[in-house]
Amino acid sequence: MSAMTRRKEILKIISRQNTPTSATSLAKHFGVSRQSIVGDIALLRAEGHEITATAHGYSVPKLPDENQYIGKIVCNHIPDDTIAELYSIVDLGAVILNVIIEHELYGELTGVLNMATRRDIDLFMSEIRAGEMKLLSELTNGIHIHTIACRDKSHFEQIRDALEADGYLFQN
């Protein structure tokens with residue numbers, strides 16, 4: 001199989017999956033090295049394909065349901081409050097699409113989350129603890145933005161109000 005054909009197949013595979021596909025599993029599938037897959041993904045991105053890399057692998061972002069409302073909420077809290085903040089959002093039925101910070105050197109940095117359940121949050125937090133990693137919000141003294149997908153604008157306002165009541169919203 002040519003490299004160009006492999007890249008087309010990679011794009012098909014990651015576009016059809018509902019969860020990220022690891023470079024290792026793609027490498028096994030195609031009988032090439034993991035580094036070849038990483039290079040293929042880079043070339044696909046250079047061609048203009050939107051491919052998201054997460055700790056669990058690659059995916060092609062799904063377009064939000066046209067009936068969903070997508071909004072951004074600016075939060076500010078200590079790292080110990082992260083789980084409670086995230087639980088508050090998913091418990092109200094929203095999906096946390098990402099976290100964004102404004103870094104003084106790099107500008108805007110975005111971390112893809114796609115969290116819809118407490119289990120998603122628990123897995124994320126256990127990976128942070130296991131790898132002794134820091135949250136993006138720790139780089140900005142707790143200030144961060146979440147992009148969330150929810151039913152409609154009133155649902156978004158309900159989530160925002162809950163976060164405000166819990167003291168997680170940024171107050172200037």
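What follows is a set of questions about those labels, each with its reply.

Me: What should I know about the source before we start?
Reply: This is a predicted model, in which local features need pLDDT of at least 70, side-chain atom pairs count only at pLDDT 80 or more, and totals for chains, interfaces and linings use all residues. Residues are numbered from 1 along each chain as its sequence is written, and side-chain values use heavy atoms, with hydrogens and water left out.

Me: Why is V99 called buried?
Reply: Buried means under 20% relative accessible area, exposed over 50%, and partly exposed in between, with a 1.4 Å probe and protein chains only. V99 has 11% relative accessibility, so V99 counts as buried. V99 lies in strand β4, residues 95–103. Strands here are DSSP runs of E of at least two residues, helices are runs of H or I of at least four, and both are numbered from the N terminus.

Me: What does V99 touch?
Reply: Contact means heavy atoms within 4.5 Å. Leaving out residues up to four places away in sequence, V99 touches L109, T110, G111, L113, L136, H144, I145 and H146. L113 is 14 residues from V99 along the chain, and their C-alpha atoms are separated by 7.0 Å.

Me: What makes β4 and β6 a pair?
Reply: Two strands pair if DSSP finds at least two bridges between them. β4 and β6 are joined by 5 bridges and run antiparallel. V95 has A149 as its bridge partner in β6.

Me: Which strand pairs with β6 over 8 bridges?
Reply: Strand β3, residues 69–76, does, in the antiparallel sense. One of the bridges sets Y69 against C150 of β6. Strand β6, residues 143–150, is mostly covered, with 6 of its 8 residues buried.

Me: How do you know that the length of α6 agrees with its residue count?
Reply: The expected span of a helix is 1.5 Å times one less than its number of residues. Helix α6, residues 153–165, has 13 residues and should span 18 Å; its end C-alpha atoms are 18 Å apart, so the two agree.

Me: What puts the buried residues of α6 on the same side?
Reply: The buried residues of α6 are H155, F156, I159 and L163. They cover an arc of only 105 degrees around the axis, which puts them on the same side of α6. The arc is that of the directions from the helix axis to the C-beta atoms. An α-helix has 3.6 residues a turn, so residues three or four places apart point the same way. On the other side of α6, S154 and A165 are exposed. The buried residues of α6 pack against β3, α4 (82–91) and β6. After α6 comes G167, with a positive phi near 80 degrees.

Me: Is T21 buried or exposed?
Reply: T21 has 10% relative accessibility, so T21 counts as buried. T21 lies in the loop between α1 (3–16) and α2 (23–30). Beyond residues up to four places away in sequence, T21 touches I13, I14, L26, H56, G57 and Y58.

Me: Why is E132 called exposed?
Reply: E132 has 75% relative accessibility, so E132 counts as exposed. E132 sits in the loop between α5 and β6. Phi of E132 is near 50 degrees, a positive value in a residue other than glycine.

Me: Why does N141 count as exposed?
Reply: N141 has 73% relative accessibility, so N141 counts as exposed. N141 lies in the loop between α5 and β6. Its phi is positive too, near 55 degrees, and N141 is a residue other than glycine.
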